[in-house]
Amino acid sequence: MFRKELTYYFSTPIAYIVIGLYLLAISLFLWVIPGQWNIIDSGYAQVDGLFQLSPWLFMLLCPALTMRLLSEERQSGMWDLIRTKPVSLTRIMLSKYFAAWTLVLIGLLPCLVHYFVVAYMAEPMGNLDSGAFIGSFIGLILLSGTFMAIGLFCATFSKSQIVCFISGALSCFVLYWVLFQDHYSSLSRGVIDLRDLTFFLTVIVLALAAAIFTIDHITRK
């Protein structure tokens with residue numbers, strides 16, 4: 001199931017468009033567009049803009065990936081066929097979730113280039129806060145996983161991809177603003193606190209459990 005979902009993404013333009021738009025936007029803001037996130041304009045060896053911009057981009061990109069995970073199969077009737085197979089609902093949902101999250105992680109890997117370029121440009125070479133970068137990168141991985149879980153949960157309520165996308169994006173925005181931002185900011189300072197890690201992992205587990213329960217309840221009607 002995991003391979004099937006991941007293969008589907010790369011057999012269609014979805015993966016290339018989502019990853020391409022994310023990387024293009026980040027690169028433009030860090031190196032081309034003048035402003036507070038522009039590395040050259042700041043005069044400092046830092047890539048803070050990457051971790052300040054990414055959460056807002058993920059609020060759109062993650063729901064865009066999760067909006068089709070259930071809607072297409074429910075609209076076409078394939079969902080009922082999948083449920084007849086000797087595979088538990090939990091395994092089906094987790095396969096879909098981890099395939100979508102893996103796609104996001106693949107999109108994050110090229111962002112390491114920004115770190116090495118800035119480290120090379122720094123005076124002296126390598127004069128970059130690696131601890132803060134590692135903490136921020138871990139925080140971004142966990143935040144993306146959290147957004148994906150929330151997006152999957154929102155995708156259980158409707159067969160319409162547009163409805164799934166809008167509800168997922170709004171939920172990610174509100175929850176980030178109210179709950180997630182402080183924990184993410186703590187990790188972005190390079191402080192790997194067990195409380196922050198536990199918080200994100202707990203939210204992921206709860207959102208996935210809610211998604212499994214909801215789709216099971218809705219599709220049994």
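Predicted model: local features only at pLDDT ≥ 70, side-chain atom pairs only at ≥ 80, totals over all residues.

Visitor: Which elements give two or more residues to the lining of the second largest pocket?

Guide: Those are helix H3 (39-42) and helix H8 (112-121). The residues lining this pocket include Ile39, Ile40, Val118 and Met121. By class, its lining has seven nonpolar, two polar and one charged residues.

Visitor: And what volume does the largest pocket have?

Guide: About 320 Å³. It is lined by 18 residues, and Asp48, Phe51, Gln52, Ser136 and Ser188 lie nearest its centre. Helices H4 (48-66), H9 (130-154) and H10 (161-188) each give two or more residues to that lining. Sorted by class, the lining residues are ten nonpolar, six polar and two charged.

Visitor: Now a helix. How do I read one from its buried residues?

Guide: Here's the general idea: an α-helix has 3.6 residues a turn, so residues three or four places apart point the same way. Now try helix H2 (residues 13-32), where Ala15, Val18, Ile19, Tyr22, Ala25, Ile26 and Leu30 are buried. Looking down the H2 axis, these buried residues fall within an arc of 130 degrees, so they line one face of the helix.

Visitor: Which residues are exposed on the other side of H2?

Guide: Pro13, Tyr16, Leu21 and Val32.

Visitor: What do the buried residues of H2 pack against?

Guide: Helix H1 (2-11), H3, H4, helix H7 (89-108), H8 and H9.

Methods. Residues numbered from 1 in each chain as written. Heavy atoms only, no water. 1 Å grid on protein atoms, 1.4 Å probe; cavity = no way out; pocket = protein on both sides within 12 Å on 5 of 7 lines; lining within 4 Å. Points joined across faces, edges and corners; volume = space filled by probe spheres on them. Helix = DSSP H or I, 4+ residues; strand = E, 2+ residues; numbered from the N terminus. Nonpolar A, V, L, I, M, F, W, Y, C, P; charged D, E, K, R; others polar. Buried < 20%, exposed > 50% of the residue type's maximum accessible area, 1.4 Å probe, protein only. Arc of directions from axis to C-beta. Contact = heavy atoms within 4.5 Å.
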